[in-house]
Amino acid sequence: MILTIDIGNTNVVLGGFGAGEEPEFVLRLPSTRGCPQAQWDQAVGECLARAGSPRITRAALTSVVPALTGPLADAVEGATGVRPLVIGPDYPTGLVIHGYDAPRLGSDRVVDAVAALASYPTPLAIFDLGTATTLSVLDREGRFVGGMILAGVELCTQALSSRAAQLPPVTLEPPGPPIGRDTVACIRNGALYGAAAQIDGLAAQVEAELGERVTTVVTGGWGSLAVPLCRRDVIYDPHLILKGLRLLCQRERG
């Protein structure tokens, strides 16, 4: 089995792939900074035990939290005996980056792009709705040409409740009709219908710049709540980054 690890700002996501193209298990840990190594060792070991203690033959990892990269790699190696492949800025993924500041491009966006290129027709607009919302654009030739970074859905609601005295904290869940009838509904609807409108509107802006239709792919933790509210045709692929890690791991073996 291939173990894939996505270290994000909020969660560490572990996915296990057998023979199929979809993960057989997906487990999450909080991205807590400053934990001793023994705590990560225990957490990863317990995650794999919940998954049935699969035999891991290969592993790959990507991270947007440098302080957690080493501890998680060590924990995975300790639990499985396999040192994970770390997909960082210098790793040759094969993705062509055209006219963009490549050394500063997040490895999560690169891995998303690798996975999307393997599954969907170009040009592509890839939205990853996590702590931040990222838009990655690939042209007809499959080259990464740029995109956008926006504040994430939950981050926006947290900012409202922390900076506006009369606005309460809100739990994000599937919203009702667009016109909210109380403060909580208004905040929730603003976050989720707003995220859907961002996807619709920004994809249209990308199409206007490229001069052709794009395949719109959405991934990330908040995608499941935003995608049903979109007006355009959107592909929701919740495990896109894990699939990209699996693909890179397979290429390394080949």
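A residue counts as exposed when its relative accessible area is over 50%, as buried when that area is under 20%, and as partly exposed in between. Keep that cut-off handy for the first view; everything in these views comes from a predicted model.

View 1. Most residues other than glycine have a negative phi. S53 is not a glycine, yet its phi is positive, at about 50°. Is S53 buried or exposed? Its relative accessibility is 53%, so S53 counts as exposed.

View 2. Most peptide bonds are trans. The one from T122 to P123 is cis instead, with omega near -5°. To find the spot, look in the loop between α3 and β6, where P123 lies.

**View 3. The sheet that holds β1.** Five strands make up this open sheet, in the order β3-β2-β1-β4-β5, and the pairing is mixed. At the edges are β3 and β5 (85-86), each of which pairs on one side only. Helix α1 (residues 37-50) packs on this sheet and touches β1, β2 and β3. The direction of α1 makes about 155° with that of β3. Now follow β1 and β4 (residues 58-63): six bridges link them, and they pair in the parallel sense. One spot to look for is I2, which stands opposite R58 in β4.

**View 4. The sheet that holds β6.** This open sheet has five strands and mixed pairing, in the order β8-β7-β6-β9-β10. Which strands are at the edges? They are β8 (144-151) and β10 (235-236), and each pairs on one side only. Helix α5 (residues 183-210) packs on this sheet, touching β6, β7, β8 and β9. Its direction makes about 155° with that of β6. Strand β9 (residues 215-219) and β10 run parallel, joined by two bridges. Within that pair, V217 stands opposite I235 in β10.

**View 5. The largest pocket.** Its volume is about 770 Å³. The lining has 34 residues, and the closest to the pocket's centre are G8, D128, L129, G130 and T131. Several strands and helices each give at least two residues to the lining, among them β1 (2-7), β6 (124-129), α3 (107-119) and α7 (240-253).

Key: Residues numbered from 1 in each chain as written. Predicted model: local features only at pLDDT ≥ 70, side-chain atom pairs only at ≥ 80, totals over all residues. Heavy atoms only, no water. 1 Å grid on protein atoms, 1.4 Å probe; cavity = no way out; pocket = protein on both sides within 12 Å on 5 of 7 lines; lining within 4 Å. Points joined across faces, edges and corners; volume = space filled by probe spheres on them. Helix = DSSP H or I, 4+ residues; strand = E, 2+ residues; numbered from the N terminus. Pairing = 2+ DSSP bridges. Contact = heavy atoms within 4.5 Å. Axes fitted to C-alpha atoms, helices over the stretch in contact; angles between N-to-C directions. Buried < 20%, exposed > 50% of the residue type's maximum accessible area, 1.4 Å probe, protein only.
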